[in-house]
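Reader: Please take one part of this model and go through it closely. I would like the strand pairing of a sheet, with the criteria stated.

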4 protein chains.
Amino acid sequence: MSARIWSRNINDERVDRIMIKVAVLGATGYAGIELVRLLSRHPEVSLELLGSKSFAGEKISDVYQNFRTILDKECEEADVEAAAKCDVAFTALPHGASKTVIPALLDAGLKVIDLSGDYRYDDVKVYEEWYNEPHSSPELLKESVYGLCELHREKIRGARLIGNPGCYTTCSILGATPLLAKGIADDKNIIIDAKSGVTGAGRSLALQTHFCECTENSKAYKVATHRHTSEIEQELSNVAGKPIMLSFTPHLIPQKRGILATIYMNLAKDITADELQKVYEDYYKDEYFVRVMPKGKLPETKHVAGSNFVDIGIVKDERLNRVVVVSALDNIVKGAAGQAVQNMNLMFGLDEKTGLDFAGFYL
Amino acid sequence: MSARIWSRNINDERVDRIMIKVAVLGATGYAGIELVRLLSRHPEVSLELLGSKSFAGEKISDVYQNFRTILDKECEEADVEAAAKCDVAFTALPHGASKTVIPALLDAGLKVIDLSGDYRYDDVKVYEEWYNEPHSSPELLKESVYGLCELHREKIRGARLIGNPGCYTTCSILGATPLLAKGIADDKNIIIDAKSGVTGAGRSLALQTHFCECTENSKAYKVATHRHTSEIEQELSNVAGKPIMLSFTPHLIPQKRGILATIYMNLAKDITADELQKVYEDYYKDEYFVRVMPKGKLPETKHVAGSNFVDIGIVKDERLNRVVVVSALDNIVKGAAGQAVQNMNLMFGLDEKTGLDFAGFYL
Amino acid sequence: MSARIWSRNINDERVDRIMIKVAVLGATGYAGIELVRLLSRHPEVSLELLGSKSFAGEKISDVYQNFRTILDKECEEADVEAAAKCDVAFTALPHGASKTVIPALLDAGLKVIDLSGDYRYDDVKVYEEWYNEPHSSPELLKESVYGLCELHREKIRGARLIGNPGCYTTCSILGATPLLAKGIADDKNIIIDAKSGVTGAGRSLALQTHFCECTENSKAYKVATHRHTSEIEQELSNVAGKPIMLSFTPHLIPQKRGILATIYMNLAKDITADELQKVYEDYYKDEYFVRVMPKGKLPETKHVAGSNFVDIGIVKDERLNRVVVVSALDNIVKGAAGQAVQNMNLMFGLDEKTGLDFAGFYL
Amino acid sequence: MSARIWSRNINDERVDRIMIKVAVLGATGYAGIELVRLLSRHPEVSLELLGSKSFAGEKISDVYQNFRTILDKECEEADVEAAAKCDVAFTALPHGASKTVIPALLDAGLKVIDLSGDYRYDDVKVYEEWYNEPHSSPELLKESVYGLCELHREKIRGARLIGNPGCYTTCSILGATPLLAKGIADDKNIIIDAKSGVTGAGRSLALQTHFCECTENSKAYKVATHRHTSEIEQELSNVAGKPIMLSFTPHLIPQKRGILATIYMNLAKDITADELQKVYEDYYKDEYFVRVMPKGKLPETKHVAGSNFVDIGIVKDERLNRVVVVSALDNIVKGAAGQAVQNMNLMFGLDEKTGLDFAGFYL
């Protein structure tokens, strides 16, 4: 891995160390700017390139003025040549754009963590069915790793190209995995009802994200057709060892950050509520970013907002022999930028928590 | 029915007419004040008594200052004697209080529309199981009518005592009814995932309704144990002609008004999406307050906020042979006060729409 | 005035009456749709034409789905010929568009209530200075009346063309008028600090009204240069009988409806707090839509949201011999659509309150 | 200063260092928990004691579940004995409570940073006039230092007791100081119109902070009588070198974090807009946490939310020879907890920015 010597002051001591040189392509969208926010505090990272087509030539701190004096770096046209000096590129580009850029970045020797849907699939047919278009670089799908760290940690460590999971996806998969992995839940009649904050819709202008159309409003959308369904099914099928098809319904609710997924699964075995609780606690006992709620408590999005944690609560419906799992995360952290940094940490041999081990802001 | 002559100006013409004399007991809670708002514009109603234990002696327009100059009436201790002059009482009292007051009101010759859970049950055992206490007047349960107008219109017309449905309940039942009535949906694996605005939690102070705890936050609560489950099951069992048990999960989301219920049902028959759509359109074709969305469109809470409408959208999941129904209403209008007025209209022989035939406020 | 016979059922009695035929041009903006909402419940109005360039051919109830079943009328290209059958047109058109349409509407015999800034000025020079462009029909300025009903009621009754006041303007002028009319406030050092909800920014898409940019955010804008300053100065100069120049600062705050104006004026006379209170109470004693708060209470936007009321509270700062007046209204009702209807009522000889005498929604 | 050796891993290197042992008394209020959030990431701090009367015996991570796994420390009765082992105590106690605890903490050898109003005054009479009660330890007022770092840095370095400024106060004082210090603004007719988010009202339950009463609502309160007025006047009088009296009006707006202060001052001198801009840029050129906006740009609360920055924008009103200054900060960071940490850094000889040099969260 190429890298450069970079020095900075840590508490008045000058420390020379090798920093990871990072490019963020698409730095001015909501996932992009959250990457910038996290990476600007990451102790092992040097932010070398902020790519933005719309704001090339402007300072990032003029586009997002919270960064004034913290990071006054100029945005650049995100060309591959400029990125070539970096060790890793995060690509948070509009759908389609990433497909042309990423092969070139890989050729230039970078590792790539892509936040689009393009490299998340094992099977190109699934991609083409749900995205309704041919894939431009199907050969890379064979190499790319689905960047859900809790499921694919070892593969991620050695990967060159990561398909960083969708925001709904992480929340849903981590909530359902233990019961499917252990064969405790029935593989039929799985329902995932997910509620997302508005940052999930991005910064582009649209009537549905106008404040007056959006505040005091809730709705379901893309019922039975949302693309993330296919990611969830792919991963849960792998976990269960058999094909899983399920209902996934996304909703837009009037808050900025947060996804709450309510997951319904029928129980395939006799199991008590205490045993169910223990299944989750055991399954995630070594996972820093997964916090299983104590029995009787449920997650709330404010507990995870601004952090890389996923909180999961489990309720057994004794009347119906069904389990209801509720999982919560911050869609632009664990659901996008935070998970991407977690992937980077793994890929560069760092402690997975580096730069991510802090509480959310609650308020 | 006793009534008094009351005159008012309708467009410069003096009109003498018999008005319905109304008492609202519990006028200063959120359901109560919405009743006052609706009744103050109802052309056939004279608001005679505003009962409020907490605010007795204060003007309603000091408690809710939007009413200044519109209704400066004083709140009174809600005693039965004071209410005796009225034709009908709406009781929006804290759980428990209504049970002692209502028999006395009935004895005094009033009709009663009760917004608590006390008179919603066919079977006292169901009440006692879900409320975990003995019912104080089980004999009245035989007489009381479940006030969901679209299902029990004829009985409501002749009733003396109405158990006005819960807020989640109306939304859920009306969404699921057509498919169960027609035997199209399987009676197993019904999941209702409902999201409610914060007015549903009432005006009492609690940490969970503090602005800073509540805005930018979403959560599930009382999973598998919410009392409204029992109402929904009672009514849908009647509709289906066989016992229905289902999962109902309430959520609190950061908006004031609105319930959105997402209902999952497996299809028991071969039926196309177009046919499903038609089932709903036919079923509700004479129901003014139920608006079936055109195929491909889904309801949003802002479309119903402030109105007595329920909007229902239907999606067939072709992959899973499942239907996803989304229904939306305003929890304090069609989910409480508006429905109560609709019940009153039926009980007093008025056009069901009287005082309720307006659009919500959207903005 | 041309009019047509129109009949409808008022409480089961068929009433034949002459209805005012109304066109709303620009019906799908936020002021336009609030006009439609108010007019659809106005007992003397027949909504004949909903003009919308963007949505011509679509039903208003598809553009704003709260209107489904209430008003399923189609929007039309807002041409003058189509409007010619009407008695009055409300023009809520983008800046510029109203100037070409309005002379033609007047020629066709309609009365016009214009919600733009074009016909609000006594002096064309003031317009041209603040709008930085020549006025296209300065001759109409001589005829047009500034539609602030509380100040110009008599002129409005006889007017053909109304310049309906700006949203900030009504709030500010009504708050400051009594003290300036009575010579109690100094004409120097008047500061108006106003906070507006986001509907004031309209429905057009812009980054600043994106939910995620707008919620949890407040800002001042157009400091010292906002056009409404010139309206406020014009009217308060007339009230005071001498030229008034003042500071006006608009702010955007994260709510949909509501303007709160905090007005600072130095006292030019010795006057007690009780006397100040009485000045306001006396000044507005016959004004239905102005509610002076009791001494010691202050207005809040939720008290007026959805209504045509302006609430005004008065505090004397004893230390500084200064008065702080706080006034609140709903920017799209009394600040736009409601005031426009109030103007129409006056112009057509109706009771000024017709269709407007209801409480706001509070919740 | 007593201290202990504490070791931790900084980027895989074990570092032994002397950490500052900190007690937070009142850790579970909103200012307290923000202190905990900031201190838990502060590289030189060891959080030794979390004092909370209401939650003694509970884990901080059960009270604020965002801290789960990050800080699972138990809250304790905040007694002085327990705190005695610490180097410094932050007291964020209810009004009154701090007065009895603080002298004891000082006697025990701790430095104290008090977030109440008790130790903010030079003159005990001012305190007693605005708080309307006798001061319990007036002798400490002589020693205590007003903890506005930008104004009193040198005194703070040597202080034992800090009166940490009020939230409105910092925003107002820093906005007005340069012009008063330079004699450019008139000392009469200063108006400060401030808007605050709801965290400023604290976590205690009250109707006005109920979500449904608070969202979609704005209001002024304590007009001409808010206690922070006296702090602002004290500090600006010192800055100006002559007594300053001014209007200060607080408002509550529907967002969690943020204060926006709009400050109106008449100009006492001929000065151009460019020169005004330069006065601010020069005055704050060495202040890391004060960001003067470029000419023509204005601050917004989202630019500072979650950070310790104050953003200040300056507009000259050419018509009125008046300046309008807009300043923004996060009321629980620079307006409370962040400033308290900044004070601690100064008192312990650390770089003032330590643990505070990050961007806010914007989203």
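Author: Two strands pair if DSSP finds at least two bridges between them. Strands (E, at least two residues) and helices (H or I, at least four residues) are DSSP runs, numbered from the N terminus. The model is predicted, so local features need pLDDT of at least 70 and side-chain atom pairs count only at pLDDT 80 or more, while totals for chains, interfaces and linings use all residues. Residues are numbered from 1 along each chain as its sequence is written, and chains are lettered from A and ligands numbered from 1 in the order in which they are written.

In chain C, strand β14 (residues 310-317) and strand β15 (residues 322-329) pair in the antiparallel sense, over 8 bridges. One of the residues involved is Asp317(C), whose bridge partner in β15(C) is Arg322(C). Strands of a sheet pair through backbone hydrogen bonds, either parallel or antiparallel.

For a helix, take α13 (residues 333-347) of chain A, which holds Gln342(A). Gln342(A) counts as buried because it has 30 C-beta neighbours inside 10 Å; the cut-offs are 20 or more other C-beta atoms within 10 Å for buried, 12 or fewer for exposed, and partly exposed in between, with C-beta atoms placed from the backbone.
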